[in-house]
Amino acid sequence: QVQLRESGGGLVQAGGSLRLSCAASGIIRSINSMAWYRQAPGKQRELVASIISGGITNYADSVKGRFTISRDNNKYTGYLQMNSLKPEDTAVYYCNAVIQSAAVGARARDYWGQGTQVTVSS
């Protein structure tokens, strides 16, 4: 089985920075793409950033210029560097990845982490 696990969340003052990590574990052949979502209380989950094969990235307009998504394929780990944080960034952040298992005959499919809380104070 493959699992995703987020870490790095916490409480930070406005203008500060955090780096979230998303570690994949299990028998993995490759990670095709990764993305970060967030969900604030009473709000719908939204896509924050994504990265696909070749290093192509995409960002929500609200975080462009402040957040950077990256991944280390050798370590099966993704990252979300968050700078100049604002109170509006407060949410639970979730990692999502499309992963090809090393199991014989397995097809790539997406996995979700359990989320990590990010709180930005004024």
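Reader: In what order do the elements of the protein run from the N terminus on?
Author: They go β-β-β-β-β-β-β-β-β-β-β. That is 11 strands and zero helices, with helices (H or I, at least four residues) and strands (E, at least two) taken as DSSP runs numbered from the N terminus. Keep in mind this is a predicted model, where local features need pLDDT of at least 70, side-chain atom pairs count only at pLDDT 80 or more, and totals for chains, interfaces and linings use all residues. Residues are numbered from 1 along each chain as its sequence is written, and side-chain values use heavy atoms, leaving out hydrogens and water.

Reader: OK, and what does the C-alpha trace span along its principal axes?
Author: About 50 × 25 × 25 Å.

Reader: How much of the protein counts as buried?
Author: 40% of the 122 residues, where buried means under 20% relative accessible area, exposed over 50% and partly exposed in between (1.4 Å probe, protein chains only).

Reader: Switching to Ser 33: where is it found?
Author: Ser 33 sits in strand S4, residues 28–39.

Reader: Why does Ser 33 count as buried?
Author: Because its relative accessibility is 18%.

Reader: Which residues does Ser 33 touch, leaving out those up to four places away in sequence?
Author: Ile 51, Ile 52, Arg 71, Asn 96, Ala 97 and Val 98; contact means heavy atoms within 4.5 Å.

Reader: And across the protein, what share of contacts with a separation of 6 or more comes from residues 24 or more positions apart?
Author: Those account for 56%.
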